[in-house]
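Dear colleague,

The structure we discussed is below. My notes on some of its helix and strand contacts follow.

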Amino acid sequence: MKPKRTTLPLPALPTLPALPATAASVALLLSVTACGGDASAGGNGSTVTVTVGYQSRTINTVTAGTLLRSLGYFEKQLNSLGDGVTYKVDWQDYATGAPITAQMTAGKIDIGSMGDFPLLINAARGKQLGKPTRLVSVTGYNLRGGLNTIVVAPGSSLASLKDLKGKKVSTSVGSAADGTLVRALQRAGLDPAEDIEKLNQQPAVGASALDSGSADALSQFVAWPGLLAQQGKAKALYDGARLNLPTFHGVTAAEGFAKERPAVLEAFLKAQTQATDYLDAHPVAAAEKVAKATGLPAETVYLYNGAQGIATFDPAIRPQLVAALKKDVSILRDAKLTGDVDVDAFVDDQYVKKALGPAGYAERLASAPPEPAGEVWPKGARKTLAFSSPTALLRHVAGHREEVRAAYVPDTTGTLWFADRAVWVADGGDLLPFVTPETAQAYIAGHGGARVVPYAEALERAS
């Protein structure tokens, strides 16, 4: 189950506190406050407010946030409970997972969604402060790690990870994008603590730093790399899928809330499943809804959340994702952001199993992401066109240039990317796309006669 070159203005995101790096920062983290009720408190006996923290522009959480909210499925599920209670949903939008964790540990948020590394911090902070949380479902995931990307300025001479030695790299410390940066540098033989100058910045700040030249590279999560690439403000240097380690976003719930109001949590997870099914059945419409709510270009949203997108959406908590979460603990521990985290105690799939039913849950666990394929989104169309080969896609684009809204191609590892931002290699009669120059050069090194060609030449060769 699934599971044209356009310059658009960069949407501004709110600047939020940096993720706390030490236990001494917990007090500062908790000082963040929010309005909204607490479902576990029972409201006034007849009205209960459920507070949901989400990240509208972290678009691999949309089935538990932006898209779910726009569809109204959660409210409908609550209204159907028939328990004599009037429910109100307070949706609170944040740019990262850190403030959601702060609000959860302060008893101000009942349900939140965030990426895998922030989920671990959520688990650690919850236990530390006596407000335990539980991972109750998954939103978007990529089994190879393709949700995180390191990008550089369009005119940068940097062409590989090793070129980052001595450079300034912006990331959000404690995020999955930071984890990708650390692991990628280590594999390249670089020390993340010594060989680069790491700038701990919120995504919007990092994007501005890259644009101004005060940062040489940016490692970030969705949708920032794709957005900057589409706008012509960045090019990919490293695709997180090269790590071949799963990365995902998920839903965390306050343990007290889950135990006191399990029917409400189950209603949320049923609604999340409905939103997932809607996204799978109507990927273009879903992308348009998310774009309208966030100000992000729909073409960027579709890159990640489309039919062949980088993310697969499924609420089931897959064993591969839990195993990856356990491997992530050491990265956060080494950065002194957490101590050890009991992942098995944090993961609690009983609620999503009940919401989906035994057969439905088993069916989702047995499903696999779709096979990568190229797509063209014609202007004005509600559906995309799929292509079995990059050359076939290029041939179509070349013959319909004024009619194409966006074109996407999977590189040799399967990561989808904008066709006009990919690195194209001509190898005999074949035209092959790559997300990064480094992977393109690695292919050329093993294939005599192959060479990089500009996108315009690739189109000409295909036509």
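**Helix contacts and the sheet**

Where α10 meets α11, Tyr278, Leu279, Asp280 and Ala281 of α10 touch Pro283, Ala285, Ala286 and Lys289 of α11 (contact means heavy atoms within 4.5 Å; helices, H or I of at least four residues, and strands, E of at least two, are DSSP runs numbered from the N terminus). Six of these residues are nonpolar, none polar and two charged (Ala, Val, Leu, Ile, Met, Phe, Trp, Tyr, Cys and Pro count as nonpolar, Asp, Glu, Lys and Arg as charged, the others, Gly among them, as polar).

This is a predicted model: local features need pLDDT of at least 70 and side-chain atom pairs pLDDT 80 or more, while totals for chains, interfaces and linings use all residues. Residues are numbered from 1 along each chain as its sequence is written, and side-chain values use heavy atoms, without hydrogens and water.

The axes of α10 (residues 262–281) and α11 come within 5 Å and cross at roughly 115° (lines fitted to C-alpha atoms over the stretch in contact, with angles from 0 to 180 degrees between N-to-C directions). The two are therefore roughly perpendicular (65 to 115 degrees; under 35 is roughly parallel, over 145 roughly antiparallel, the rest oblique).

For α11 (residues 283–294) and α12 (residues 298–305), the axes come within 8 Å and cross at roughly 130°, so this pair is oblique.

Six strands make an open, mixed sheet in the order β2-β1-β3-β10-β4-β11 (strands pair if DSSP finds at least two bridges between them). β4 (residues 133–142) pairs antiparallel with β11 over two bridges; tyrosine 141 has threonine 312 in β11 as its bridge partner.

Regards
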